[in-house]
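These are my notebook entries on one protein model. I set down what I looked up, topic by topic.

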Amino acid sequence: MNIPEIQGIENHTYHLFVTFGNEKINIEQDEDGKIINSFYSSDNSIQGMFDSESALEKSGDIYVSIVEEQQDYSKSEKTYINKIILENKKIERPEQKGLTKRIYAIFFDLNNEEEENLIFVSEPHNIERKLNVYVGKITDVSILNSIKNKESDGMSKLLNYAKNNSNESNKYTLTKQKDSTGSFLAGELINNATFDIGEYYYMYYVLDNENGKYTNVEDIGFFYAGSNDKRSYLSSQDDSRFEWKDFDVNDANNNQDNTQQDTQKPNDTNNTNDETVAKEPIPHTGLGIGLILFISILLVIVITFYKKANYYKGI
C-alpha cells in the first residue's frame, strides 16, 4: 500500500487489522505495550507491501481496521499507547475470474511423471489447500459442437455435464504445490488416470474449502488427448497441438444421458507432427487484479477516514 497524500506522524506506527464476519478486533501487546498481532504495520505512514491472499481466500465478509500507535511520553519508562482511527470497515471482495481462468492446466507428457505437468490456481489459496480434480471423457457430441462453434454457453454446458458425471470413482486429490507459483503438481493424476488418444476430456476442478473455512472456487478444463512420435499429451484450445474432429449430432455414440464413461489406456495410433510448444509454465499472474482491487479499496477508505481525523496531532 502507498498513500502519497499522507505523510503520517513522526514516530507513529500504523497497524492494519483484518477481521471476518462478526469477529472483533483483538489487539495483542507485548510487555511494553507494542502491538504484536496486526495483519500489517508500517512506521510513519501506511506504506509498504502485504500479502492479502490469506485474507481474500477466507469465507465471510471482510472488514478492516487501522490502529495508530506511539510511545507514551508521559511516562519515564518506554511504553506505548494506541488509538483506533478506522474500525470494522467492510471491504467488497474482488469478483472471481470467469470460467477457464480461475484454474487451468498444462500437460506436456502423459507418460512422464517427471515432467512438470501443472495445474495453476489463479484465485487466492494457501500452500495447505487441496485441489480435487474430476476427470472424464466427453461423450455428448452436442456439447462438443457447442464449444467448437464458440457458443457463449459452451463451457457452462460442459461444467454442468462434468458435475453430473463426477464422483469418487474419477476423483483425484492433489496436495503438492510448486513453490511460489500457485500451481499444483499433477504427476499423481497422470500416473493414475488414462486417456484415449483422439478423444476429448473434461477436468472439473474444485479447490477444497475445508468445510466452509474458505471461499468456494471451481472451474472447468477442456482437453484433446493427442500424441506424436515423442509423447502423449493433453492440449487445450490455446495449444497449437489442439485438434478438432468433425462431429455428427446424430452419431449413435452420442451419449445424451450424461452417464459416466471409463477411461482407457493411451493408444498412440493417431500420430501427428510435433509442433513447437513452450515448455515453460504460464506465469502465475492471475492474482494481480484481485490484489490491486483489494489494496485500492483500502487506500480510498483510509484516505477518507484520515482526512476526518486531522483534528488531532497526537494521541
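Which residues of helix α3 (residues 154-164) are buried? I found Gly154, Met155, Leu158, Leu159, Tyr161 and Ala162. I took buried as under 20% relative accessible area, exposed as over 50% and partly exposed as in between, with a 1.4 Å probe and protein chains only. Helices (H or I, at least four residues) and strands (E, at least two) are DSSP runs, numbered from the N terminus.

Why do these residues lie on the same side of α3? They cover an arc of only 165 degrees around the axis, and therefore they share one side of the helix. The arc is that of the directions from the helix axis to the C-beta atoms.

The partners of the buried α3 residues are β7 (131-137), α2 (141-148), β11 (200-207) and β12 (217-228). Contact here means heavy atoms within 4.5 Å.

**Basis of the entries**

The model is predicted, so I recorded that local features need pLDDT of at least 70 and side-chain atom pairs count only at pLDDT 80 or more, whereas totals for chains, interfaces and linings use all residues. Residues are numbered from 1 along each chain as its sequence is written, and side-chain values use heavy atoms, with hydrogens and water left out.

**Whole chain**

I recorded five helices and 14 strands in the protein chain. The chain has 315 residues, of which 46% count as buried. Among its contacts with a separation of 6 or more, 72% come from residues 24 or more positions apart. The accessible surface is about 16600 Å², and carbon and sulfur atoms hold 44% of that surface. Accessible areas come from the Shrake-Rupley method with a 1.4 Å probe; for residues, only the protein chains shown count as cover.

**An open sheet**

In what order do the four strands of the open sheet run? I read β2-β1-β3-β4, with antiparallel pairing. Strands β2 (40-43) and β4 (80-91) are the edges, each pairing on one side only. From one strand to the next, the twist averages 20 degrees. Axes are lines fitted to C-alpha atoms, for helices over the stretch in contact, and angles run from 0 to 180 degrees between N-to-C directions. Two strands pair if DSSP finds at least two bridges between them. Strand β1 (residues 13-20) meets β2 over four bridges in the antiparallel sense, and I located Leu16 opposite Tyr40 of β2.

**Salt bridges**

I counted 13 salt bridges in the structure. Each is a side-chain nitrogen of Lys or Arg within 4 Å of a carboxyl oxygen of Asp or Glu.

Arg129 pairs with Glu57, the closest N and O atoms being 2.7 Å apart. This pair links distant parts of the chain, 72 residues apart: Arg129 is in the loop between β6 and β7, and Glu57 is in the loop between α1 (53-56) and β3 (62-71). Are the two partners buried or exposed? Arg129 is buried, with a relative accessible area of 1%, and Glu57 is buried at 2%.

Lys157 forms a salt bridge with Glu151 at 3.5 Å, N to O, and another with Asp153 at 3.9 Å, N to O. Shared partners join Glu151, Asp153 and Lys157 into one network.

**Loop residues**

Phe108 is in the loop between β5 (103-106) and β6 (118-121). Phe108 counts as buried because its relative accessible area is 5%.

Which backbone value did I note for Thr100? Thr100 is not a glycine, yet its phi is positive, about 75 degrees. Thr100 is in the loop between β4 and β5 and is partly exposed at 27% relative accessible area.

Asn211, also a residue other than glycine, has a positive phi near 60 degrees. I placed Asn211 in the loop between β11 and β12, where Asn211 counts as exposed at 82% relative accessibility.
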